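Dear colleague,

Please find the structure below, together with its sequence. A summary of the findings follows it.

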Amino acid sequence: MKILLAAPVQFDRITLFISDYFTGLARSLGKLGHVTRLVRTTENIYNPFVPNILINDFSVLRRYLKKIVDAPHDLLLMKQLLVEVEAFQPDLLLLHLFDTCYVSRIIPKIRAKGTKVFVWLGQHPSQVSSGIHDLLKVSDRTLYYDTSYQEYYARVLGIDNLCVLPLGCDVDHFDTIAPDLEYQTRNGVDVCFAGLFDPYREQYLMALSDFNLGIWSWNIGDFDTPLKKFHRGNAYGDDLVRIYKSAKIVLNIHRSFERNGGNYRLFEIPASGAFQMVDDKPGLSEYFTAGKELVTFSDETDLRNKVAYFLENESERSSIASAGHERVRRDHTLVQRMEYLLRSIERRS
Amino acid sequence: MTDMSDVRLWLLRFRAITVAPLLLVLVILSWGRALLALATGKRLRQIPVDFYENTSGSSRTI
């Protein structure tokens, strides 16, 4: 099968989670023997002309004049996507965009060429623009990871081309990353949290403010919080894996809208061989056995008690971390996710 | 004595006056870049599938 992946894969200003994830998907498809090509889309929210000091003003401008401001980027991207499809003639286009106004208009043209168009969305559909909603509506399939989003897709957006594609992890790559002793000494903490900071996550982190806590986050500076004293900078990609591997406990706190559970961290933490404590969600049991492969917490008090307990019990911590790592390797690799996706195409066709 | 709210209002006006032309220039540049890329047939950049790099830096996540 010929598969074209188009996503904002950039390792500078743009989200590195997405870059890592899509590069991993492309590599997995290659491992499965498919002819794969990965192209990098550009996104107007990260317009290369916009200096950092004007990012907020530019966002405001886009909010009010989106159709004008986004038009040049989108027109170019539409043309470029068509050119790539014509040149590569893929059976499947796997597309992910952060934002767009007009790209939905070329999807019927691409589908008319015999290419299936699957759009992947790595966040709650309420968090993206109407242009992305339009894109999802005209695609063959909308790929999403948290089953609790289904209601919003169906009831609010009227989208029924849904396919749950759980997230996963490139365990082989994670296994190749090893922090040296100096790195572990510099960055090793008892409890580590890495990710976007928000008030929901803050309430849990506050409960751990008397522990040896380390927070890696790009946006904590935007908040007036006493937790800033635990901030140790940003961490992405391989660095993030090194930080997980250097910590005794790695926290995973879902966003408030991820009601079912199953975010990137759920797989990345055990793939790093780290010990994961995650806020309890109904969907976690589909992926891991709580108490055996990870540990869940129900509220701040439960979190505090369990952190204290597992800091004292290294052997139990280590055996849970190993079991989690084995489980990701066995059931949650990106290769398995892509196999599942491609099988679902065969089943429907 | 100057009221602090007057100062804030003045600063906001100053910011609006200075930022608005810069934003207009950005939009014009975006259009220019897009039209130039369209005219020259610029393709999307192909990323090697085995591409991986150390990704520390000032980047964002969702």
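Which residues do ring pairs link into a cluster? They are A:Tyr21, A:Phe22, A:Trp120 and A:Tyr264. Rings of Phe, Tyr and Trp (its six-membered ring) count as a pair if their centres lie within 6.5 Å; planes under 30 degrees apart are called stacked, those over 60 edge-to-face, and the rest tilted.

This is a predicted model, in which local features need pLDDT of at least 70 and side-chain atom pairs count only at pLDDT 80 or more, while totals for chains, interfaces and linings use all residues. Residues are numbered from 1 along each chain as its sequence is written, chains are lettered from A and ligands numbered from 1 in the order in which they are written, and side-chain values use heavy atoms, with hydrogens and water left out.

Confidence

The predictor assigns the complex an ipTM of 0.80 and a pTM of 0.86. For chain B the average pLDDT (the predictor's confidence in each residue, from 0 to 100) is 76, and 76% of the residues score at least 70. Over residues 53-62 of chain B the pLDDT is below 50, although this stretch has 40 contacts (heavy atoms within 4.5 Å) in the model beyond near neighbours in sequence. Where pLDDT is low, the predicted coordinates should not be read in detail.

The five-stranded sheet of chain A

Helices (H or I, at least four residues) and strands (E, at least two) are DSSP runs, numbered from the N terminus; two strands pair if DSSP finds at least two bridges between them. In chain A, five strands form an open sheet with parallel pairing, in the order E8-E7-E9-E10-E11. Strands E8 (213-216) and E11 (295-297) of chain A each have a single partner strand, so one side of each is left without a neighbour in the sheet. On average, neighbouring strands of this sheet are turned by 25 degrees against each other, direction ignored. Axes here are lines fitted to C-alpha atoms, for helices over the stretch in contact, and angles run from 0 to 180 degrees between N-to-C directions.

Two helices of chain A pack on the sheet. Helix H10 (residues 237-246) touches E7, E8 and E9 of chain A, and its direction makes about 160 degrees with that of E7(A). Helix H11 (residues 264-271) touches E7, E9 and E10 of chain A, and its direction makes about 170 degrees with that of E9(A).

A:Gln276 lies in strand E10 of chain A. This residue is buried (under 20% relative accessible area; exposed is over 50%, partly exposed in between; 1.4 Å probe, protein chains only), with a value of 1%. The side chains of A:Gln276 and A:Asn252 are joined by a polar contact of 3.0 Å. Such a contact is a pair of N or O atoms within 3.5 Å; within protein, one must be able to donate a hydrogen and the other to accept it, and residues adjacent in sequence count only if both atoms are side-chain atoms.

Pairing between the chains

Strand E2 (residues 35-40) of chain A pairs in the parallel sense with strand E1 (residues 2-7) of chain A over six bridges. Three bridges also join E2(A) to strand E1 (residues 45-47) of chain B, and these two strands run antiparallel. In this pairing, A:Arg40 stands opposite B:Arg45.

Yours sincerely
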